[in-house]
Amino acid sequence: MTHPAFANTRFFPFWLDSPAAPAVEPELRGERRAGVVVIGGGFTGLWAAIQAKEADPRQEVVLIEAGKVAHGASGRPCGIISTSIMHGLANAARVFPKDIDQLEELGRLNLDGFQRDLERFGIDADVEWNGELTAAIEPGHVDVLREDYELHLEHGHDMLLLDAGEARAQIDSPLFHGALWGRQRSGTIHPAKLAWGLKAAALKVGVKLYENSPLERIVEEGQDLVLHTPVGVVRTARAFFATGCAKVGIGDINRRVMNVQDHIMATEPLTAEQLARVGWQNRQGFYDTRTQLNYGRLTKDNRIIFGGSVTYHYGEHTDPDENRRPETYAGLVDAFFKTFPQLHDVKFSHAWGGPIDYCSRGSVFVTRYFGGKAVFVAGYTGFGVAASRFGATMGLNTLFGRKDAPEQKLDIARKGTAWIPPGILRWLGAKITFIAFDGADAEGGWKRAWIKSVKALGFPM
Ligand SMILES: Cc1cc2nc3c(=O)[nH]c(=O)nc-3n(C[C@H](O)[C@H](O)[C@H](O)COP(=O)(O)OP(=O)(O)OC[C@H]3O[C@@H](n4cnc5c(N)ncnc54)[C@H](O)[C@@H]3O)c2cc1C
């Protein structure tokens, strides 16, 4: 039976459901030539197109997007902005321990540049710099938070470690046993407004942007790459793939990234009285420490966005109907009301799913194809709202052979990410892992042991 809170839910991203959505650009028709072609109009592709055009205003920069700008992952996130370009400090310490200081510095510079870009392009995307809070949902998880706290202090972060009372004074949930509140350079944003602002900025600096223009085929002809869309062709010396975990005809890409679908919901705007039941005066985005993590934030009009429920489909043939079925969100609704039982009278206005470009290093990577004439940039593993700006820079520096750029001297740019076993092995691994997610914390047993072994194999959870 459908949950009563889902009676009038629209199965579409709340962020994209807005009259402020810009007009759709025309599709690519006929033949043209470009200095750089960017494939994919999410955050990575938009930042890459802007940066390429600004680096050399004389060069023609073309961006082709299969559907509409931001209708991939970029119009669907929770919208928590984080400093890290490595999916968090602990992941940086796990993957590139010797480069951690430089990666931290690159993350800081990226966030400063992100803020500057919003200002200079006049993008109003409801940004709130309120930090991010990680809440321990079991007493035992407080020790994990303490370790994370010490690691952050070592690296100069402004952090507060909160006990249960202090955590609940921030966001009142009976599940919270403590929390870590990072107060610097992180916050929340309206992701669609960001993407639409970047689209306007790209057009303003002179990027030629074509929507409803999926790349169907790419071939090498002499020095050129020739990209075919249904009714257009574009020749170029350099191509930048910003296509997330979509299939674009390069098998190696899909061996490195895996398309995991995550699900998320928006409530109706809370009344002042409902909001008072949760507190949340500092309006931070939050994650919890559950293995199948839940996360949330407030919007400008005081809705709660609440997410964290993953599915995987064999061969990554995702099922669009899945996101339109109330049953898909049953576990998430349950998690919401366990987190905020005092909001028993709240209803959900929107629910949607979106792709997570999961990779084994848990952070953005760049790989080169066609002898270096093309690069592919993705792998944010659910953390790309701000890191995508850095991913664009790293991808362009690799594409243009700018060896002196700071990240090019580090393993983040020099090393790719490992292959994830394909086909049935991938499917089976994902299925067992997602079954183990439900219960690994509460029940332990084989579920916890499985999650531990998957982590030991180098897959981030
Ligand atoms: C539910 C959910 C919650 C999230 N929450 C957060 C969060 O709170 N904070 C955070 O930092 N990150 C979050 N993320 C991750 C973040 O949204 C992504 O990391 C980021 O949007 C990736 O941007 P992208 O441009 O690389 O990919 P995308 O936005 O997916 O862009 C890829 C684009 O390529 C296009 N494309 C694909 N194939 C072709 C083709 N053949 N030809 C042309 N174009 C093509 C697609 O249509 C798409 O528009 C979340 C993601 C999801 C799904």
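A word on classes before we start: Ala, Val, Leu, Ile, Met, Phe, Trp, Tyr, Cys and Pro count as nonpolar, Asp, Glu, Lys and Arg as charged, and the others, Gly among them, as polar. By that sorting, the lining of the largest cavity has 5 nonpolar, 4 polar and 2 charged residues.

This is a predicted model, where local features need pLDDT of at least 70 and side-chain atom pairs pLDDT 80 or more, while totals for chains, interfaces and linings use all residues. Numbering runs from 1 along each chain as its sequence is written, and side-chain values use heavy atoms, leaving out hydrogens and water.

**The cavity**

- The structure has 1 cavity of 30 Å³ or more. A cavity here is a set of points, on a 1 Å grid over the protein atoms alone, where a 1.4 Å probe fits but cannot get out; lining residues have an atom within 4 Å of a point.
- The largest cavity holds about 50 Å³ of space, the volume being what probe spheres set on the points fill, with points joined across faces, edges and corners.
- Among the residues lining the largest cavity are Thr83, Met86, Leu103, Glu104 and Arg108.
- Two elements give two or more residues to this lining, α2 (89-95) and α3 (100-120), and α3 has the largest share with 4 residues. Helices (H or I, at least four residues) and strands (E, at least two) are DSSP runs, numbered from the N terminus.

**Around the ligand**

- The ligand is surrounded by 34 residues, and the closest are Thr44, Glu65, Ser74, Ile80 and Leu215. Being near means that a heavy atom of the residue lies within 4 Å.
- Sorted by class, this shell has 20 nonpolar, 11 polar and 3 charged residues.
- Strand β16 gives the most to the shell, 3 residues.
- A backbone N or O atom of Cys78 sits 3.0 Å from a ligand nitrogen atom.
- A polar backbone atom of Gly79 is 3.1 Å from an oxygen atom of the ligand.
- For Val385, a backbone N or O atom is 2.9 Å from a ligand oxygen atom.

**Asp288**

- You'll find Asp288 in strand β13 (residues 285-288).
- Asp288 counts as buried because its relative accessibility is 4%; buried means under 20% relative accessible area (1.4 Å probe, protein chains only).
- The side chains of Asp288 and Arg290 are joined by a polar contact of 3.0 Å. Such a contact is a pair of N or O atoms within 3.5 Å; within protein, one must be able to donate a hydrogen and the other to accept it, and residues adjacent in sequence count only if both atoms are side-chain atoms.

Note on methods
On a 1 Å grid over the protein atoms alone, a cavity is a set of points where a 1.4 Å probe fits but cannot get out, and a pocket is an open set with protein on both sides within 12 Å along at least five of seven lines; lining residues have an atom within 4 Å of a point. Buried means under 20% relative accessible area, exposed over 50%, partly exposed in between (1.4 Å probe, protein chains only).
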